[in-house]
Amino acid sequence: MPHAIPTRSKRTKALTLTILLSALTVSPTLLAAYTSLAYGTTVAPGALPSWNPAVHCTAILTTIEGVIGNQANANGGATYSGGGFLPGIPNKRSTSPPCTVNGNATFVEIHGVSIPSYVVEDCASYSNGNFCDTTFNAKDPKCVSSDVYLCRIHVEIDQAWKSAGVAPQNPPSTTQLFDIQGFVYWDPNNNSHFTDQWHSYSGWEIHALTAWRLSGSTRPDFGLTYNPQPLRVTQGLSSTATVSVNSLDNFTGTVSITITLPATIANTTKVTVKPGNVSIAAGGSATSLMMVQTSQLTPTGSYPVTVKGTSGSLWHVLTVTLVIAPPPPDFSISVSPTSMSLALGSSRTAAITLQSLYNFNATISLTGSVAPADTTSSASPNDPSASFSPATIALTPNRTGTSTLTVSTSLLTLPGTYTVTITASSGTISHSTTVTVTVTLV
């Protein structure tokens, strides 16, 4: 079944990367920097080897127009019947799609496309983690059609390929064009894509994109990439991401990296970049660490964070997604009073309060231990005892529970100061608090 199509509002929160234009041949510098992304060289059409070693199909050299055709629907996007390939691939998540379907080739190579933006979305859990699709609309800058949507095709780096470790990395922000390889796919989705501008008003896709490479350029430039994406931070905690800067076409110089937070979280979130300036040698690369520190007041949700690299008149922007997640379910414990005095052979009580945090919903067990506050003092033949009523408390989300601590002494208890440690446990979660007990003769 095709995956669910994200709403437009979801896309406004997703990861967007602006990419400009350049020329058309393979960049030796990029091939050195991204050896895992491009393999082999271009040969005669009809005999193009896969750049991805996990793909054993031979690519057909074509264009975006060659895939989608020039037959427009009412909104301007391409129709299925006018396409140059009729793939009919039954499973778009397959990591080993067929090379042909009913005699029709499915694996293609397209040169010199631009990638104006991409988003990271449509995430799913796999046995080895959470993975998301990277999606964009590739454009043919040489397309002469007056209908811009007949010059575009939706492209996806698939989540299942990422889980399997055979997907290419997300492309960098750069002024160059791209060459791409991947499988032609028509996403029917009950024809709803005919009304989706973000899908170029058409069901056509290159899905999965199996490899990309930069087309060559005669102008030195640099590329920006970012990992991980999206960056997830638990509310009140911090997390670190890496911004990488790569020299393209013998670029050399210093790149300054700046970060801009959206106004909705700017007052409750701090971002630092170290180093803020990186020096790049021709053909080299450098990295900078970006640390995001949130507070308890930082609202949860997804936010666009702008990462900008500048070197002289050159600049590139990455807009990455920062996901502020609520803390996992937890609880707190408090006791009142925190100190008490009692005579030999007497008892006193204290109130224990347990508070559910972040929808904690489970049963908590209370245990207590008593020890002399002065560990060098002589051991009492009968330390004070601690008991709870009740000893177990069922907490429901965002509610409180109470128990009574009773501390008792006997006539054999040595006068002095003792510490009662109260431990509340539920599964792997445990919290403690203490009460100071002073035992007197009378």
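**Disulfides and aromatic contacts**

Cys123 has a relative accessibility of 37% and therefore counts as partly exposed. In this predicted model, Cys123 is bonded to Cys132, with a sulfur-sulfur distance of 2.0 Å. Cys132, at 6% relative accessibility, is classed as buried. The torsion about the S-S bond of Cys123 and Cys132 is about 100°, so this disulfide is right-handed.

The structure contains 3 disulfides. Another joins Cys57 to Cys99, again with the sulfur atoms 2.0 Å apart. Cys57 is located in the loop between helix H2 (28-33) and strand S2 (60-62), and Cys99 in the loop between helix H3 (64-68) and strand S3 (100-101); the bond therefore ties together parts separated by 42 residues in sequence. A torsion of about -85° about the S-S bond makes the Cys57 and Cys99 disulfide left-handed. Cys57 is buried at 6% relative accessibility, whereas Cys99 is partly exposed at 36%.

The disulfide of Cys143 and Cys151 likewise has a sulfur-sulfur distance of 2.0 Å. Its S-S torsion is about -60°, and the bond is therefore left-handed. Cys143 counts as buried at 16% relative accessibility, and Cys151 is buried with a relative accessible area of 8%. With the bonded cysteines of the protein chain numbered in sequence order, the pairing reads 1-2, 3-4, 5-6.

A search of the whole structure returned 10 aromatic pairs. In one of them, the ring centres of Phe107 and Phe183 are 4.9 Å apart and the planes lie at 45°, so the arrangement is tilted. Phe107 belongs to strand S5 (residues 107-113) and Phe183 to strand S9 (residues 178-186); the contact therefore links parts 76 residues apart in sequence. Both phenylalanines, Phe107 and Phe183, are buried, with a relative accessible area of 1% for Phe183.

Phe183 also pairs with Trp161, at 6.4 Å centre to centre and with 45° between the planes, in a tilted arrangement. Because Trp161 lies in helix H4 (residues 159-164) and Phe183 in strand S9, this pair ties together parts 22 residues apart in sequence. Trp161 is buried, its relative accessible area being 0%.

Elsewhere, ring pairs connect Tyr80, Trp186 and Trp204 into a cluster. A contact between a charge and a ring was also found: the charged end of Lys308 sits over the ring of Trp315, at 5.1 Å from the ring centre.

How values were computed: Residues are numbered from 1 along each chain as its sequence is written. This is a predicted model: local features need pLDDT of at least 70, side-chain atom pairs count only at pLDDT 80 or more; totals for chains, interfaces and linings use all residues. Side-chain values use heavy atoms; hydrogens and water are left out. Rings of Phe, Tyr and Trp (its six-membered ring) pair if their centres lie within 6.5 Å; planes under 30 degrees apart count as stacked, over 60 as edge-to-face and the rest as tilted. Helices (H or I, at least four residues) and strands (E, at least two) are DSSP runs, numbered from the N terminus. Buried means under 20% relative accessible area, exposed over 50%, partly exposed in between (1.4 Å probe, protein chains only). A charge sits over a ring if NZ of Lys or CZ of Arg is within 6 Å of the ring centre and within 35 degrees of the ring normal. A disulfide is a pair of cysteine sulfur atoms within 2.5 Å.
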